[in-house]
Amino acid sequence: MTDFDDEQIADHVLNDLQSMKDLRYLEQFENLIITLSGRFVNLGARDLDAEINNALQAIGSFAKVERSYVFQFSEDRRRFTNTHEWCANGVKPMINRIQDASADQYRWALQHFLRGEDLYIEDVEKMPPEAAIVKDEFVAQGIRSMVNVPLICDGRVIGFVGFDALYHPKIWTTKHRNLLKVVGEIIAGAIERERKTTVLSHQLHLEKLVAEISTYFINVPVSQLENGIADAIKRIGEFTGVDRSYVFRISSDNTCMNNTHEWCAASVEPHIERLQGLPVAEFGYSMQWLKQGEVFHVPDIAELPPEAERERKEFEREGIKTLVNVPIMARQKMIGFLGFDAVYARKLWSEDDIRLLKLIGEIIANALDRKTIEDRLQDSLRDKEVLLREIHHRVKNNMQIVNSLLFLQEQAVHDRVDTIALDAFEQSRARIKAMATIHDRLYRSSEFSSIDFEEYLNALVPELISSYADGDKIKIDVSAQAIRLGLDAAVPCALIINELITNSLKHAFPQGQSGIIKLTMNHKPEGGIRLVVSDNGIGMPMIDGKQMLPNTLGLQLVTDLARQLGGTVTVSNEQGTLMQVDFSQVD
């Protein structure tokens, strides 16, 4: 009985000694954590990474584990990276094994941290079947047992800190794990403070850069704009740490896009020469965002949906991992976009970053719009200068035409009665009026190199009706939409129309008959223009069942002028008269 009592006493003594040992261990652990906490609180100018590595070494050595480490999640917590690691002597580092890895692959383990829980595995070999992928990774790293605790700051999980036993399984009590959670909170707080400081500094410097670029584009001469755009995307690319930045411009008809500017970091392959004339329609997925003035942001190219297959293939061909495209909008229309590519590693863009990139797009859009306006003004000025230089020459030629017409009229009415002579001179005045109206419309136009012929005809036709017909009985329908003619083609075409309309007004409707004259001008599918003047009058005279064309000066002029335009004249005499002139010269 005495021996039994001695055994009990010995057990109690051993338990008391173990309890005291555990208490001393906890006390030493707590003191270590207090020391580390003080170092992190008073970090000052010391390097955060070095202090984290120091903490991992201190706790790893104290706890007698072989490896300790920190992992951090991406902003969207879809990826994670091993950022810090300490290994005991002779233990192989694993920090490069898991970099920018997908969180989905290790969801079984990571879900604990995302819920704010620690993950304690006393024996890796006894992990459940649903953790097979995670178990394989642990076995590959030689882990026997491990404990991970989340890094939580302001209620947000930003990563986890872990401790691995490689040679023998290690037991971590609840108290031990709670102390590790304190360590996690200390490290998380330091990381978050550093992150906020870095983000604030980054934002201030980026805003300063945007302000400098904005000031430059406000003052830059149009002749230096293209160089300014190249410099801007280079500065933004270098500051944000991307591998490629660029500008695409959309064609005026919105059918294709061209890479006009590109900057590449060292060793990054340029693609500007290949990315020319790309059909806009093939990139419908990205265009639907950009055309609405929205940013097209792809955090991970591999996760693009099936409907973005064309974009995905192009991005993969360029080696892009992360991409941001910012629309360039001018007058509520997308005229191009800015792009920023991460090639070597995925990049996270904050909302503030994207907001400032969008502002850069607006700055460049305003500059390009200013360039477009100034280019148009310069073109208009050049056209006007050319016109002014040519005006005396053209007036001289027109006066020669007037003189020739009067001469021909004089020959035509020679030895005839006075009424015919008067009629001839009246026709000559009409021809002169047709040419004068050309010049009148040209001077009124905002474009000096060509004339809107529908506007011209709407001015000419009322003059002809008032001269030759009763406007209440004879109507003239005019259709010449989208017809513009250069001055060299406009004058002979105007004279042809004058002759054909005048002929119908004078001869198609005798004895005050009513009727309709139709004038149409259209672009032919094969090129050139077709002019048709038709009426529903009495038609041309017939002799022995054959159509006889009158041998008049007017029709002779129509034939000669059509030949001058490189055209032909066709006559039809069914249900009135139809005169068709096909010509190719429009300049």
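## Tyr246 and its neighbours

In S12, Tyr246 has Gly339 as its bridge partner. Tyr246 also stands opposite Glu262 in S8. Helices (H or I, at least four residues) and strands (E, at least two) are DSSP runs, numbered from the N terminus, and two strands pair if DSSP finds at least two bridges between them.

A word on the source: this is a predicted model, in which local features need pLDDT of at least 70, side-chain atom pairs count only at pLDDT 80 or more, and totals for chains, interfaces and linings use all residues. Residues are numbered from 1 along each chain as its sequence is written, and side-chain values use heavy atoms, with hydrogens and water left out.

## Strand S7 and its two partners

Let's look at the strand S7, residues 244-250. S7 pairs with strand S12 (residues 333-342) in the antiparallel sense, over 6 bridges. Strand S8 (residues 256-264) also runs antiparallel to S7, and 7 bridges join the two. S7 is mostly covered, with 6 of its 7 residues buried; buried means under 20% relative accessible area, exposed over 50%, and partly exposed in between (1.4 Å probe, protein chains only).

## Two loops with positive phi

S7 and S8 make a hairpin with 5 residues between them. Asn254 lies in this loop and has a positive phi of about 60 degrees although it is not a glycine. Asn254 is partly exposed, at a relative accessible area of 35%.

Arg331 is another residue to look up. Its phi is near 55 degrees, a positive value in a residue other than glycine. Arg331 sits in the loop between strand S11 (322-330) and S12, and it counts as exposed at 62% relative accessibility.

## Helix H6

Helix H6 covers residues 225-240. Just after H6, Gly241 takes a positive phi of about 80 degrees.

Which residues of H6 are buried? They are Leu225, Gly228, Ile229, Ala232, Ile233, Ile236, Gly237 and Thr240. These residues cover an arc of only 165 degrees around the axis, so they lie on the same side of H6. The arc is that of the directions from the helix axis to the C-beta atoms.

Strand S5 (residues 145-153) pairs with S6 in the antiparallel sense over 9 bridges, and Ile152 has Val157 in S6 as its bridge partner.

## The largest pocket

The largest pocket holds about 1200 Å³ of space. On a 1 Å grid over the protein atoms alone, a pocket is an open set of points where a 1.4 Å probe fits, with protein on both sides within 12 Å along at least five of seven lines; lining residues have an atom within 4 Å of a point. Grid points are joined across faces, edges and corners, and the volume is the space filled by probe spheres set on the points.

The lining has 38 residues, of which Phe73, Ser74, Glu75, Arg195 and Leu348 lie nearest the centre. Elements giving two or more residues to it are S1 (67-73), S2 (79-87), S6 (156-165), H5 (174-219) and H9 (351-412). H5 gives the largest share, 8 residues. By class, the lining has 10 nonpolar, 11 polar and 17 charged residues; Ala, Val, Leu, Ile, Met, Phe, Trp, Tyr, Cys and Pro count as nonpolar, Asp, Glu, Lys and Arg as charged, and the others, Gly among them, as polar.

How values were computed. The expected span of a helix is 1.5 Å times one less than its number of residues.
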